Amino acid sequence: MYCPLLPLPPAMAFDIGATLLCDGSFDGLLTALFYAEATRPRAAEILLEPPMQSSLLTQPTSIATEPDKADRVCKAIRRKLPGEAYWILQSVFSSYREDRGTLLMRYLRVGWRVGKQLNDQIADPDVWEATKVSKQVGHEVHKLSGLLRFRPVRGVYYCAFTPDNDVVQFLAPHFADRLSDQHWLIHDLSRSKGAVFDKDRARWTILPLPDFQLDTGMDDPFIALWRTYHKTIAIEARKNEGLQRQFMPKRYWKHLFEMQDLPPKV
């Protein structure tokens with residue numbers, strides 16, 4: 001028999017519509033997940049951004065972020081569900097999927113029912129889909145940890161990239177460990193945000209970079225050094241372009257110095 005995980009007072013039981021709209025933040029999602037389970041009728045959908053089109057019959061109910069509610073959901077996930085569930089929550093939230101809020105709501109509903117056996121329910125379509133999306137995000141993080149290209153610009157090692165998913169926060173700890181003796185900036189151009197590392201304080205921070213511009217031209221000695229290294233270690237007889245594209249997907253090439261042609265010298 002289903003029992004609501006986080007019940008609300010009866011007076012609030014029918015204040016929520018079928019579609020919930022949060023502010024797009026992680027705490028906002030957790031707050032929406034709280035209300036999705038704690039009210040009746042239960043929500044059918046969670047949106048992280050306003051829909052492109054809506055009608056009077058499907059107007060979403062806006063949910064303000066409430067840190068205490070978010071914290072309760074977070075603690076419940078860690079206490080009642082397997083350890084991988086929180087990573088799946090974070091990674092699916094960071095994916096490019098427009099329906100990620102609804103997918104996570106449905107994934108967790110299975111979890112509230114089966115508890116620690118959640119990720120064993122691979123026959124459940126929502127568990128399967130959430131796990132698949134989480135693995136896709138994890139694979140991109142793994143690939144990009146070896147494909148980001150830094151170069152010194154104004155005393156900072158700068159790297160620009162355009163990932164499929166919002167993975168800056170997952171890459172930052174890796175480079176904080178690998179490049180702990182340098183100031184650096186990882187710039188997600190598609191989302192106008194970045195991770196900034198201060199070596200003096202040994203801390204990284206995620207910052208919005210809406211108007212940040214930097215000359216990313218390829219005609220610079222550091223990039224030339226990258227190209228020379230790439231050509232020197234390459235073995236022409238063992239060239240395998242198919243395998244290369246498998247490990248270095250072509251969608252990332254525009255930010256890989258060694259895969260770009262040098263601009264003509266004037």
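Guide: Two strands count as paired if DSSP finds at least two bridges between them, and the elements themselves are DSSP runs numbered from the N terminus, helices being H or I runs of at least four residues and strands being E runs of at least two. The model is predicted, so local features need pLDDT of at least 70 and side-chain atom pairs count only at pLDDT 80 or more, while totals for chains, interfaces and linings use all residues. Residues are numbered from 1 along each chain as its sequence is written, and side-chain values use heavy atoms, with hydrogens and water left out.

On that basis, strand β1 (residues 19-21) is joined to β3 by two bridges, and these two strands run parallel. Within this pair, Leu-20 has Thr-61 of β3 standing opposite. Helix α1 (residues 26-38) packs on the sheet and touches both β1 and β2, a contact meaning heavy atoms within 4.5 Å. The direction of α1 makes about 160 degrees with that of β2, where axes are lines fitted to C-alpha atoms, for helices over the stretch in contact, and angles run from 0 to 180 degrees between N-to-C directions. The sheet as a whole is open, with three strands in the order β2-β1-β3 and parallel pairing. Because β2 (45-47) and β3 (61-62) stand at its edges with a single partner strand each, one side of each is left without a neighbour in the sheet.

Buried here means under 20% relative accessible area, exposed means over 50%, and partly exposed lies in between, with a 1.4 Å probe and protein chains only. This core holds 38 residues, of which Leu-30, Leu-33, Ile-46, Ile-77 and Leu-89 touch the most other members. Two or more residues each come from α1, α2 (67-80), α3, α4 (100-114) and α5, and α1 gives the most, with nine. Leaving aside residues up to four places away in sequence, Leu-30 touches Ala-70, Val-73, Cys-74, Ile-77 and Leu-89. Another core, of 24 residues, lies apart from the largest one and includes Val-137, Leu-147, Ala-172 and Leu-256.

Helix α2 also carries Arg-72, which counts as partly exposed at 39% relative accessibility. Although Arg-72 and Phe-34 are 38 residues apart in sequence, their C-alpha atoms are 8.1 Å apart in space.

Two of the contributing helices, α3 (residues 84-93) and α5 (residues 125-147), have axes that come within 8 Å and cross at roughly 70 degrees. The two helices are therefore roughly perpendicular to each other, a description that applies from 65 to 115 degrees, whereas angles under 35 count as roughly parallel, those over 145 as roughly antiparallel and the rest as oblique. On the α3 side Trp-87, Ile-88, Ser-91 and Val-92 take part, and they meet Ala-130, Thr-131, Val-133, Ser-134, Val-137 and Gly-138 of α5. These contact residues divide into six nonpolar, four polar and no charged.

The other sheet to follow is also open and has five strands in the order β4-β5-β6-β7-β8, with mixed pairing. Its edge strands, β4 (151-153) and β8 (203-208), each pair on one side only, and the twist averages 30 degrees from one strand to the next. Strand β7 (residues 193-198) and β8 run antiparallel and are joined by six bridges, with Val-196 opposite Thr-205 of β8. In the loop between these two strands, Ala-202 has a positive phi of about 55 degrees although it is not a glycine, and this residue is exposed at 58% relative accessible area. Ser-192, in the loop between β6 and β7, likewise has a positive phi, near 50 degrees, and is partly exposed at 30%.

Strand β6 (residues 184-188) includes Asp-188, which is buried with a relative accessible area of 0%. Beyond residues up to four places away in sequence, Asp-188 touches Phe-161, Thr-162, Pro-163, Asp-166, Val-168, Lys-193 and Gly-194. Val-168 is in turn one of the buried residues of helix α6 (residues 168-178), together with Phe-170, Leu-171, Ala-172, Phe-175 and Ala-176. The buried residues of α6 pack against α3, α5, β5 (156-161), β6, β7 and β8.

Conventions
Nonpolar A, V, L, I, M, F, W, Y, C, P; charged D, E, K, R; others polar. Core = buried A, V, L, I, M, F, W, Y, C linked by side-chain atoms within 4.5 Å.
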